[in-house]
Amino acid sequence: MKQDYYEILGISKGASAAEIKKAYRKKAIQYHPDKNPDDKEAEEMFKKAAEAYEVLSDDNKKARYDQYGHAAFENGGGFGGGGFGGGMNMDDIFSQFGDIFGGAFGGGGGGFSGFGGGGGGRQRRVKGSNLRIRVKLTLEEIANGVEKKVKVRRKVQAAGVSYKTCETCNGSGQMTRITNTILGRMQTSTTCSTCGGAGQVIDKRPAGADGQGLKVAEETVAIKIPAGVVEGMQLKVSGKGNEAPGNGIAGDLLVAIEEKEHDFLKREGDNLHYDLYISFSEAALGSSKEIDTVTGKVRIKIDSGVQSGKILRLRGKGIPSINGYGKGDLLVHINVWTPKTLTKEQRSFFEKMAEEENFIPNPEKSDKSFFEKVKDMFS
Ligand SMILES: [Zn+2]
């Protein structure tokens with residue numbers, strides 16, 4: 001479960017914009033990588049705080065988060081995407097929020113750092129590429145939420161590989177060139193072509209590793225899938241994509257959701273539809289039926305005199321909303337089964353009944369037509 005953004009920053013839900021900024025600045029300085037070199041936990045906290053601030057400092061994103069929680073950003077569907085799916089990389093953080101905590105450290109704001117020319121002051125970190133997989137889910141799994149274990153072939157740093165500082169750029173990842181123009185001396189920075197901006201190059205390359213010191217390895221990744229996901233949604237498992245060389249950060253594993261067709265339930269948003277067939281006798285006499293739903297069996301009562309086409313709405317027996325607010329309904333469509341053949345005896349019975357007054361159709365206002373029912377269903 002993802003940690004609450006307010007909790008990460010240590011503030012209450014009603015915090016003002018100024019309080020949010022202040023809280024973030026405090027966390028950013030506490031977990032700043034310059035202060036916590038090679039401390040993975042601090043780096044995680046630093047990133048988490050930045051992610052929380054990115055959302056809570058933006059009125060629009062904050063409103064969505066307050067209403068829907070993390071679900072507002074994590075999936076491509078639902079809210080028109082536009083999300084920021086968590087897990088910012090260090091570059092994003094320094095370029096977006098550098099000014100907030102920059103003052104506390106040498107680099108940051110550009111100030112007086114002679115080299116690197118104010119480009120955020122820190123070395124760029126290379127990010128590994130993302131991996132994409134599809135996961136097929138049954139309606140039952142979607143209704144209840146599920147953990148799926150998938151085998152992923154990802155690039156990881158090979159055992160025994162080592163990296164050294166790039167000599168071309170001295171580890172900055174940038175090449176600075178000074179040219180004399182008619183306007184005076186101009187300084188331009190470009191990405192180092194030797195290391196591709198990583199600031200590091202491979203030193204020892206073990207057998208079987210590629211030019212970046214990476215090797216493909218098979219790994220089993222557990223993916224927690226929340227209830228209510230929809231076909232086409234994309235979930236993200238941070239850091240389970242390909243690793244990057246040197247001190248780069250791993251890419252993400254992007255999980256596309258697919259929905260398997262169900263044998264007898266049809267999904268429509270969070271609602272489910274079920275076609276129930278009953279006999280003439282059951283329709284006339286009334287009955288009680290058991291229905292298999294995505295969360296177990298449900299028994300429903302069918303009143304005597306029920307009409308074919310009636311829809312029984314079982315509240316809350318559908319799919320939970322991905323936002324965590326409520327559940328859809330199960331709509332049971334009653335179909336009265338007309339016998340396709342009759343014995344001699346049955347035939348004479350129905351012939352007799354044809355003349356009976358209560359066998360002649362006489363719909364009341366309350367026996368809505370099919371079209372009115374459909375209209376109701378969507379309202
Ligand atoms: Zn270089």
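This is a predicted model: local features need pLDDT of at least 70, side-chain atom pairs count only at pLDDT 80 or more; totals for chains, interfaces and linings use all residues.

Colleague: Which residues are the protein donors of the zinc ion?

Modeller: They are Cys166, Cys169, Cys192 and Cys195, each through its SG atom, lying 2.3 Å from the zinc ion. Along the chain, these donors follow the spacing C-x2-C-x22-C-x2-C.

Colleague: Are Cys166 and Cys192 buried or exposed?

Modeller: Cys166 is buried, with a relative accessible area of 1%, and Cys192 is buried as well, also with a relative accessible area of 1%.

Colleague: What about Asn170, where is that?

Modeller: Asn170 is in the loop between β3 and β4, and it is exposed, with a relative accessible area of 67%. Its phi is near 60°, which is a positive value in a residue other than glycine.

Colleague: Let me step back for a moment. How many helices and strands does the protein chain have?

Modeller: The secondary structure of the protein chain comes to ten helices and 15 strands. The chain has 379 residues, and buried residues make up 38% of them. Its accessible surface comes to about 22500 Å², with 49% of that belonging to carbon and sulfur atoms.

Colleague: And what share of the contacts joins residues at least 24 apart?

Modeller: If we take the contacts in the protein chain between residues at least 6 apart in sequence, 65% of them join residues at least 24 apart.

Colleague: Which residues does Val332 touch?

Modeller: Not counting residues up to four places away in sequence, Val332 touches Tyr274, Leu276, Ile291, Ile300, Lys310, Ile311, Leu312 and Leu314.

Colleague: Where does Val255 lie?

Modeller: Val255 lies in strand β9 (residues 253-259), and at 0% relative accessibility it counts as buried. Leaving out residues up to four places away in sequence, Val255 touches Ile133, Val135, Ile223, Met233, Gln234, Leu235 and Val237. Val255 and Arg132 are 123 residues apart in sequence, yet their C-alpha atoms are 5.9 Å apart in space.

Colleague: Why does Ser287 count as buried?

Modeller: Ser287 counts as buried because its relative accessibility is 17% and the cut-off for buried is under 20%. Ser287 is in strand β12 (residues 287-293), and, leaving aside its neighbours within four places in sequence, it is in contact with Glu282, Ile300, Lys301 and Ile302.

Colleague: Changing topic, how many aromatic pairs are there in the whole structure?

Modeller: A search of the whole structure finds seven aromatic pairs. One of them is formed by Tyr6 and Tyr65, and this pair is tilted, at 6.2 Å centre to centre and with 40° between the planes. The two residues are 59 apart and link distant parts of the chain, since Tyr6 is in helix α1 (residues 5-9) and Tyr65 is in helix α4 (residues 59-68). Tyr6 is buried, with a relative accessible area of 2%, and Tyr65 is buried too, with a relative accessible area of 4%.

Colleague: How are the rings of Tyr24 and Tyr53 arranged?

Modeller: Tyr24 and Tyr53 form a stacked pair, 4.4 Å centre to centre, with 10° between the planes. This pair links helix α2 (residues 17-30), which holds Tyr24, to helix α3 (residues 40-56), which holds Tyr53, and the two residues are 29 apart. Both Tyr24 and Tyr53 are buried.

Colleague: Which residues do ring pairs link into a cluster?

Modeller: Ring pairs link Tyr5, Tyr6 and Tyr65 into a cluster.

Terms used:
Residues are numbered from 1 along each chain as its sequence is written. Side-chain values use heavy atoms; hydrogens and water are left out. Contact means heavy atoms within 4.5 Å. Donors are N, O and S atoms within 2.8 Å of the metal (3.2 Å for Na, K and Ca); water is not among the atoms, so sites may look incomplete. Buried means under 20% relative accessible area, exposed over 50%, partly exposed in between (1.4 Å probe, protein chains only). Helices (H or I, at least four residues) and strands (E, at least two) are DSSP runs, numbered from the N terminus. Accessible areas come from the Shrake-Rupley method with a 1.4 Å probe; for residues, only the protein chains shown count as cover. Rings of Phe, Tyr and Trp (its six-membered ring) pair if their centres lie within 6.5 Å; planes under 30 degrees apart count as stacked, over 60 as edge-to-face and the rest as tilted.
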